[in-house]
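User: I am new to this structure and would like to understand the terms used for it. Could we go through them one after another?

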Amino acid sequence: MSSVMQKLITPMASGPAEPPRNKDLADELALVDVMEDKLKGEMMDLQHGSLFLKTSKIVADKDYAVTANSRIVVVTAGVRQQEGESRLNLVQRNVNIFKHIIPQIVKHSPNCTLIVVSNPVDVLTYVTWKLSGLPKHRVIGSGTNLDSARFRFLMAERLGIHATSFNGWVLGEHGDTSVPVWSGVSVAGVNLQKLNPEFGLDGDKEDWKATHKEVVDSAYEVIKLKGYTNWAIGLSVADLTESIIKNMSRIHPVSTMVKDMYGIGEEVFLSLPCVLNSNGVGSVINMTLTDAEVGQLKKSADTLWGIQKDLKDV
Amino acid sequence: MMTTKEKLITHVLAGEPVGSRSKVTVVGVGMVGMASAVSVLLKDLCDELCLIDVMEDKLKGEVMDLQHGSLFCKTHKIVGDKDYSTTAHSKVVVVTAGARQQEGESRLNLVQRNVNIFKFIIPQIVKYSPNAILLVVSNPVDILTYVAWKLSGFPRHRVIGSGTNLDSGRFRHLMGEKLHLHPSSCHGWIIGEHGDSSVPVWSGVNVAGVSLKGLNPDMGTDADKEDWKHVHKMVVNGAYEVIKLKGYTSWAIGLSVADLVESILKNLHKVHPVSTLVKGMHGVKEEVFLSVPCVLGNSGLTDIIHMTLKPEEEKQLSNSAETLWGVQKELTL
């Protein structure tokens, strides 16, 4: 009879997480880009603030040698969504960029954990995994960590509480078909769907479903207003980085290889609640999903595989 | 029929909520304004952050983008509007609005353009936050701090210019690089004008109380084999270089602003080189603002440290004062 823990958690990485050594904390920040002047300017601007910071070494170069021995590599390179463009349209453009970037990263930091942020993040995390040859627990997509943060903020606003006090998960594809797990939404242990059986459904008089739609639309809206998004995604990436570097074993919804889960037969990456520690993805939480929610995940997986199988040179 | 919220939550507060206790407003959501806003946010300095600008879409987009990161922050209320009533009851108002230096352009060239913008902004800030502390960042900061002081009618202790807090930060970073030490262990003060004629006080440069000029008497002169004077030159050129490379500077000034806001809001009584009224000090006769070491706390700029300057250093300060006054007396306020 499997324990709650065995039912809840599927181990990913082999072996226990490595205890962090002192030199594994972020004591050096390296930036890489092809635009040399911009890169140098950004590096200098950050260095000029070093009195007010606690990262003593900030370096930058076009040459990937500067990235050697990185614990974590965050990949944000690539073209971004234009106004109205869906994330899936960016794919082949970004695959070509990744073919240049990923092998260089791995060459200089063979033991790193990769966090992929560039969109469409689920496809590009798959691409990164393939191009890097790294084990799947060390290639993570920023995934729905941000969608969930937006969801928790917007929902919490409706209740007049802080986002951290509102527990809810948005899983699956980072994008238009993300899956809000309505059955898991709670405040102070009180399950909201039990209070309101219509919660998240179409008939709901309070239209809580509209708040998830706001999450899906929010990136497009910010892009329309200011041209791009950066602060929220930046904070989200720092949140993931902290869990990995400090070996915290916190759970985050991030994009991971989900083949053989929920009946998914293809090698695709989707966001599920993952335990992040210094190994990368230590384990995956087995969510209790409704049939409809599992159906949505499978549908996303099919869509993603439809795109991935046509990619060249991956 | 009770709503989900009513079923979940029972409101027990009798009367109106208290509202924000440490509100910070940033005027201007350009690169400097946003870097300042994010630095303040990341240091958990305020319980309400307000952004103001005239560009409504950009403003709304920036407010939304910050709000979406609320899960990772401890600032519960982030607001923004074109209307200054949103800024009401701010403790500190950071003014970054205005035109910025183009490549190769000196800060003094920006003056009249930015004075006109301030004539619109400052009275509105004052109207809604009559007790606020103004922190002026827009360039040329020393002149614009004077302008903000005149237009606001505030007492001088509540109008502070970000001044040479950043120049000193750059200097200490470069000093740290030269000595392989953390900048916080490298002490050096750059005072005077935030700009081309800032004054490095060589006699005060020290590590662990050891005066570097005591070890190297040529320090700061042209005869110095280690060319420390070049370190100061790099500070002066630092902004121009970053502007040339990436188009503007943001991160360092943002961090510097948060450093000052922290001292003010937490009533630290920490000493920072910031721009204040220096008439009557160091041979300055005119009503100008220049950076000297000042004590910052929640009342604002309460005290000034009187540095022992060499005659050349005093002369440089009084020369800057004359230059600034030359520009100021031509302004229509």
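This is a predicted model: local features need pLDDT of at least 70, side-chain atom pairs count only at pLDDT 80 or more; totals for chains, interfaces and linings use all residues.

User: What makes the pair A:Glu42 and B:Lys246 a salt bridge?

Analyst: The closest N and O atoms of A:Glu42 and B:Lys246 are 2.7 Å apart, and the rule asks for a side-chain nitrogen of Lys or Arg within 4 Å of a carboxyl oxygen of Asp or Glu. The pair is therefore called a salt bridge.

User: Which parts of chain B supply the side that touches chain A?

Analyst: Several helices of chain B each give at least two residues to that side, among them helix 1 (4–8), helix 2 (31–42) and helix 8 (228–246). The largest share, 9 residues, comes from helix 3 of chain B. Sorted by class, the side of chain B that touches chain A has 19 nonpolar, 17 polar and 12 charged residues.

User: How do you know how much area chain B and chain A bury between them?

Analyst: The size of an interface is often given as the accessible area lost when the parts come together. For chain B and chain A this comes to about 4,600 Å², with 68% of it on carbon and sulfur atoms. In chain B, the residues B:His68, B:Leu71 and B:Phe72 lose the most area to chain A, together 16% of what that side buries.

User: Why is A:Asn69 called exposed?

Analyst: A:Asn69 has a relative accessible area of 70%, and exposed means over 50%, so the word applies to A:Asn69. A:Asn69 lies in the loop between strand 3 (57–60) and strand 4 (72–75) of chain A, and has a positive phi of about 65° although it is not a glycine.

User: What makes A:Ala188 count as exposed?

Analyst: The relative accessibility of A:Ala188 is 72%, which is set against the cut-off of over 50%, and A:Ala188 therefore counts as exposed. Its place is the loop between strand 10 (186–187) and strand 11 (190–191) of chain A.

User: Where is the cis peptide bond that ends at A:Pro120?

Analyst: The bond runs from A:Asn119 to A:Pro120 and is cis, with omega near 0°. A:Pro120 lies in the loop between strand 5 (113–116) and helix 4 (121–132) of chain A.

Key: Residues are numbered from 1 along each chain as its sequence is written. Chains are lettered from A and ligands numbered from 1 in the order in which they are written. Side-chain values use heavy atoms; hydrogens and water are left out. Buried area is the accessible area (1.4 Å probe) that two parts lose on being put together, summed over both. Helices (H or I, at least four residues) and strands (E, at least two) are DSSP runs, numbered from the N terminus. Ala, Val, Leu, Ile, Met, Phe, Trp, Tyr, Cys and Pro count as nonpolar, Asp, Glu, Lys and Arg as charged, and the others, Gly among them, as polar. Buried means under 20% relative accessible area, exposed over 50%, partly exposed in between (1.4 Å probe, protein chains only).
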